[in-house]
Amino acid sequence: MNERIKILADRLAKDHFLEKSEYLEIIQNSDKEEREYLAALARAERERHYGRDVYIRGLIEISNICKNDCYYCGIRASNKNCDRYRLTKEDILACCDEGYALGFRTFVMQGGEDGHFTDEFLVELLGGIKSRYPDCAVTLSLGERSRESYARLKEAGADRYLLRHETSDPEHYGLLHPESLTLANRLKCLRDLRELGYQVGCGFMVGSPYQTDEMLAGELEFIGQFKPDMCGIGPFIPHKDTDFRDFKAGSVDLTCLLLSCIRLIHPTVLLPATTALGSLEEGGRERGILAGANVVMPNLSPASVRRKYMLYDNKLSDGAESAQAKAALEERMRSIGYTVVVSRGDAKNNQ
């Protein structure tokens, strides 16, 4: 084993902090043995706080209509090949009904920035969910909104908000997004959400176009500074109808290394093993759990629309990725020594 990497890993596990240059050393100089060592430290850290429980979230993709034109995204506004859809309030409540019966106690409503979902619509929807299922948490992932909008949705019952920042490097952000979108506004939204009392999630792509190892080290530094309640990271996967169609996908190995580092940087973070991991590699989601993740988000969306919400090519939506296959997911988690639990699964630092 590389003794220098072992020293850095041990110090990260003890202090939950390294310099950016030291994160870069780990990223550039860790081979299989060092990565497994970091994963073992991360597993020990997550078990200190969460045991071997895996929290499940019922993911409801409410719309693939989006006003934005992010260059990497399959549902970007300019993609004329995207078969658009939008769920009704009744559709969404039916998904929650099914999910509750299956044992889900958190619902994640995710969608493009679709103007149909006004504050009024969402306030009514949140009221409907909370009145039916007061023991459940609701996570929203609906992009950038005003502080006033976030405040109204929080008052209506939203518990968490996931807003992936994608990259904390302003120049890199500009290479991935049109000029109408800025990192400064993205970070303002994250600050607003935190100040309003949400459990806040951010996150980034691993291996996105033009990303460097130094940028990834910067992401670890950012996570250490912001300390989100949730952090969703996953490998970049190209979509055939975007300008990045010919770029190489990100690495499952590197994503798992970064998951381990994030767990050690911020031990109580809720850390998903994302769909993208499972989409790139059979057993990828299990690898994420073994790297320190503790959340999975099976799909509760109506089967008729799942294949329309394609942020990237070959996105999993069936099999163990489907909420209806919860028993299969439970067995897969058991096979690696973990247990899917019926719980809201709040971050420990929010209890």
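Predicted model: local features only at pLDDT ≥ 70, side-chain atom pairs only at ≥ 80, totals over all residues.
Strands of a sheet pair through backbone hydrogen bonds, either parallel or antiparallel. Here, three strands make an open sheet with parallel pairing, and their order is E10-E1-E11. Strand E10 (295-296) and strand E11 (339-341) are the edge strands, each pairing on one side only. Helix H13, which covers residues 326-335, packs on this sheet and touches E1, E10 and E11. The direction of H13 makes about 155° with that of E1.

Strand E1 consists of residues 53-56 and runs parallel to E10, to which two bridges join it. Ile-56 stands opposite Val-296 in E10.

## Strands E2 and E3

Strand E2 (residues 58-63) pairs with E3 in the parallel sense, over five bridges. For Ser-63, the bridge partner in E3 is Gly-111.

Strand E3 spans residues 106-111 and is mostly covered, with six of its six residues buried. Both of its faces are covered. On one side are Thr-106, Val-108 and Gln-110, and on the other are Phe-107, Met-109 and Gly-111; all are buried.

## The largest pocket

The largest pocket has a volume of about 280 Å³. Three helices each supply at least two residues of its lining: helix H3 (32-50), helix H10 (252-265) and helix H12 (284-290). The largest share, five residues, comes from H3.

The lining of this pocket is made up of Lys-32, Arg-35, Glu-36, Ala-39, Arg-43, Asp-253, Cys-256, Leu-257, Ser-260, Arg-287, Leu-290 and Ala-291. By type, the lining of the largest pocket divides into six charged, five nonpolar and one polar residue.

## The cavities

The model has three cavities of 30 Å³ or more. The second largest cavity holds about 100 Å³ of space. Its lining consists of Arg-57, Val-108, Thr-139, Leu-162, Met-230, Cys-231, Gly-232, Leu-270, Pro-272, Val-295 and Met-297. These residues divide into eight nonpolar, two polar and one charged.

Val-108, one of the buried residues of E3, is part of the cavity lining. Val-295 also lines the second largest cavity, and residue 295 belongs to edge strand E10.

How values were computed: Residues numbered from 1 in each chain as written. Heavy atoms only, no water. Pairing = 2+ DSSP bridges. Helix = DSSP H or I, 4+ residues; strand = E, 2+ residues; numbered from the N terminus. Contact = heavy atoms within 4.5 Å. Axes fitted to C-alpha atoms, helices over the stretch in contact; angles between N-to-C directions. 1 Å grid on protein atoms, 1.4 Å probe; cavity = no way out; pocket = protein on both sides within 12 Å on 5 of 7 lines; lining within 4 Å. Points joined across faces, edges and corners; volume = space filled by probe spheres on them. Nonpolar A, V, L, I, M, F, W, Y, C, P; charged D, E, K, R; others polar. Buried < 20%, exposed > 50% of the residue type's maximum accessible area, 1.4 Å probe, protein only.
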